[in-house]
Amino acid sequence: MQMSGAQMVCEAIIAEGVKTVFGYPGGAIMHVYDEIYKQEGFEHILNRHEQAAVHAADGYARATGEVGVAMVTSGPGFTNAVTGLATAYMDSIPMVVISGQVPLSLIGTDGFQEIDAVGISRPCTKHNFLVRSLEELPRLLKEAFYIARSGRPGPVLIDIPKDITVDIGEFVYPDSVNIPTYKPTYKGNKKQIEKAVEAMKKAKKPLLYIGGGSVLSNASDLVRELAEKTQIPTVETLMARGVMGAKNPLLLGMLGMHGNYASNMAMSETDLVISLGARFDDRVTGKLSEFAKYADIIHVDIDAANIGKLVDVDYPIVGDVTEVLEAMLPLLDGIDTDRFQAWREILKRYDELHPQSYVDSDDVIKPQWAIERIGELVGENAIITSDVGQHQMWAAQHYPFDRPRQWINSGGLGTMGFGFPAALGAKKAFPDKTVINVTGDGSILMNMQELVTAAEYKIPVINLILNNHFLGMVRQWQTFFYEKRYSETDLTFQPNWKALAEACGGIGYDVTTKEEFDAAIKDAIAQDKVCFMNVAVNRFENVLPMVPAGGALFNMMLPQKGEK
Amino acid sequence: MENAMNERRVISVIVLNESSVLARVTSLFAARGYNIASLTVAPIPDSEMSHITIETNGSAKVMEQITKQLHKLIPVYKVIEHEEMVEKEMVLVKFPITEHLSDIGALCAAYNGGIANVGKEMIIAMVADEPVRIQHFIEAAQRYNPYEIVRGGVVAIER
Ligand SMILES: Cc1ncc(C[n+]2csc(CCOP(=O)(O)OP(=O)(O)O)c2C)c(N)n1
């Protein structure tokens, strides 16, 4: 069929089954927007900032496992999108960002709103393209979606010069992709899997180390089955919260810088690490030379470059977690689970010694209490997004995550401002679920213009602002490592949150007591409007346990018993 | 350990001839703080691919990362870390006309080269040989007051 490049873009999005696109128009992409106006195959949400549009597409992708799509114009439109691309790239999120570019004839002339989008985004995309002719546009669109979702997923940028969106040509959307140089490996090597299974059978203190790759691979059921079948204790990374389910007796909890005592001790004492889609991030390993010092390591990862990058691996298995577990599980029939009984006992003792705890108060709301409380009130039914800081760690530690994709946060890049737009994306994907963005008084300001977006499109997400009047996480480091010099972290000056929300078409709550907290959550859910729930929490609360940066995992700063 | 860190390596990267593929390869080195000592690139005859030869240095671990990271780039078809290879490098040197043509000719001949061009004011010599020998040739050439030396970078092929 004959159509314009702009129409082709829309047709490709429809063919890929994308229901919601997030974006912001401008000169270079106006032809595409003109086609968006005419079509009915997908909905377009006008975010109020390109960064938010990309985060929203990212939240949509994380919640559904499908490719998220965002659209921006050239120049500043594109540069505003860079943080969103980098955020998705660091967490391997499947996403396609379509950017307008100046016409081909103007490329390289420093034309109005020209920027080298492909050059700028090279280090923060899985792949990117500058489209050079209308003929190649359908194929490149197809490849963009394919590359984004296959292998180790990631964001792909497709930069389209304005004149190509006007040109008319034949549109045939390819059924399949053939890139001779790109063939992801999904199946793990059979011999290696057998050897790994032998090691599991011989181990005394094995430990399952579950990473975000297990979520990306939709392997949660198989991971639970593996733990169940072997009775091997399990730790989750920040990105893997929900894979095992909060109530699973084999789950020790999160490990790493803010991991709990039992998890970090388990990693320090294990003799066999079974890593499933985890990448040994420095926030997880602490001091590398002390990390899992006594252990052999089985490392399952779809990205060969992750294996052996930071720690030496004894059983490297390149493959998709799901496919590897499908091959591995039958080989584990008859494994002697009693073998690990003593090990489980030790870890249970560790957990009793230093459980994930905090001291509650009747005078002031503790942030940990607030997290636990929403867990009790909405639990399984909610999707929780977060920004970056103490609130993020408290949510990861204390929320009872029951399933993967229930917990959406920026782990790899740590992007403040991610949570609210990501919540919009998640809510668009799952309108029937309660979506709560757990945020801080610092973070929420970074994309608060999205109040307007949410109000206009009636996307009722709840922003739970755990307000400590500080850039809390930085303040915590200043407390511990900079002799309490609170340089530029005091946020005593605050907007009127309630009025702010109302001014933008939402609703607001100021909460200072537990009763008000419950009432506000219930009202927010009933009102079904975007809201700011401003919760005054204890100002100087610290996230504990904490492994100081670069320290060994077993050297944790622990909560003082009875500390207020 | 110290030595292993600085070991010289030559790798070949076979890539699809698409726009900005060279930039992808080189920016990967830059972004990860790896060094490129020399780089040559040209299309492979009768194919859609190009052959990039990169001379670099690093430990075995660093090389493993470089290789794997290169492999992750979508247009990269193959990365060959050379074990046994034939390596050649070319160099062009411009000498003053006042130097003895026959001396320079003899020197070049010793290094698998010759006089490429003689003009009113200068003599241009060309030599193609193994990279170490190119180094030796350049040292020897210093005695003849060269104006300018242009090295071509290493090309390598597996034995
Ligand atoms: C865009 C961005 N800028 C700066 C930082 C550094 N940073 C990490 S946590 C943090 C403080 C966050 O404060 P707030 O949102 O109030 O959350 P709290 O830690 O108080 O819960 C800062 C500034 C970051 N992660 N992202």
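This is a predicted model: local features need pLDDT of at least 70, side-chain atom pairs count only at pLDDT 80 or more; totals for chains, interfaces and linings use all residues.
Trainee: Which residues of chain A does UniProt list for "domain: Thiamine pyrophosphate enzyme TPP-binding"?
Mentor: The feature is taken from an unreviewed UniProt entry. UniProt positions are given in the numbering used here, feature names are shortened, and annotations may be inferred rather than shown by experiment.

Trainee: How far apart are the end C-alpha atoms of residues 387–535 of chain A?
Mentor: Helices (H or I, at least four residues) and strands (E, at least two) are DSSP runs, numbered from the N terminus. By that count the span is 40% helix and 17% strand. Its end C-alpha atoms are separated by 15 Å.

Trainee: How far apart are the end C-alpha atoms of the span that UniProt lists as "domain: Thiamine pyrophosphate enzyme N-terminal TPP-binding"?
Mentor: The record, an unreviewed entry, gives residues 3–119 of chain A for this feature. The span is 45% helix and 19% strand. The distance between its end C-alpha atoms is 29 Å.

Trainee: What is the radius of gyration of chain A?
Mentor: Chain A has 21 helices and 20 strands. The globule rule gives 24 Å for its 564 residues, and the value for the chain is close to that, so chain A is as compact as a globular protein of that length. The radius is taken over C-alpha atoms, and the rule is 2.2 Å times the number of residues to the power 0.38. For chain A the radius of gyration is 24 Å.

Trainee: What share of the residues in chain A is buried?
Mentor: Buried means under 20% relative accessible area, exposed over 50%, and partly exposed in between (1.4 Å probe, protein chains only). Of the 564 residues in chain A, the buried share is 59%.

Trainee: Which helix do the buried residues of H19(A) pack against?
Mentor: Helix H19 of chain A runs over residues 472–481. Its buried residues include A:Met473, A:Arg475 and A:Gln476. Contact means heavy atoms within 4.5 Å. The partner, at residues 390–398 of chain A, is helix H16.

Trainee: Is A:Asn542 buried or exposed?
Mentor: A:Asn542 lies in the segment after strand S20 (531–536) of chain A. Leaving aside residues up to four places away in sequence, the residues that A:Asn542 touches include A:Gln390, A:Trp394, A:Arg475 and A:Gln476. With a relative accessibility of 18%, A:Asn542 counts as buried.

Trainee: Which residue does a cis peptide bond join to A:Leu544?
Mentor: The omega angle of this bond is about -5°.

Trainee: What is the phi of A:Arg405?
Mentor: A:Arg405 sits in the loop between H16 and strand S16 (407–408) of chain A. At a relative accessible area of 14%, A:Arg405 is buried. A:Arg405 is not a glycine, yet its phi is positive, at about 70°.

Trainee: Is A:His469 buried or partly exposed?
Mentor: A:His469 is in the loop between strand S18 (462–467) and H19 of chain A. Although not a glycine, A:His469 has a positive phi of about 55°. Its relative accessibility is 25%, and A:His469 therefore counts as partly exposed.

Trainee: How many strands does chain B have?
Mentor: Along the sequence, chain B follows the pattern α-β-α-β-β-α-β-β-α-β-β-α-β. Its helices come to five, and its strands to eight.

Trainee: How far apart are the end C-alpha atoms of the span of chain B that UniProt annotates as "domain: ACT"?
Mentor: The annotation, from an unreviewed entry, covers residues 10–84 of chain B. Over this span the chain is 32% helix and 40% strand. The end C-alpha atoms are apart by 10 Å.

Trainee: What share of the residues of chain B counts as buried?
Mentor: Along its principal axes, the C-alpha trace of chain B spans about 55 × 40 × 30 Å. Of its 159 residues, the share that counts as buried is 40%.

Key. Residues are numbered from 1 along each chain as its sequence is written. Chains are lettered from A and ligands numbered from 1 in the order in which they are written. Side-chain values use heavy atoms; hydrogens and water are left out.
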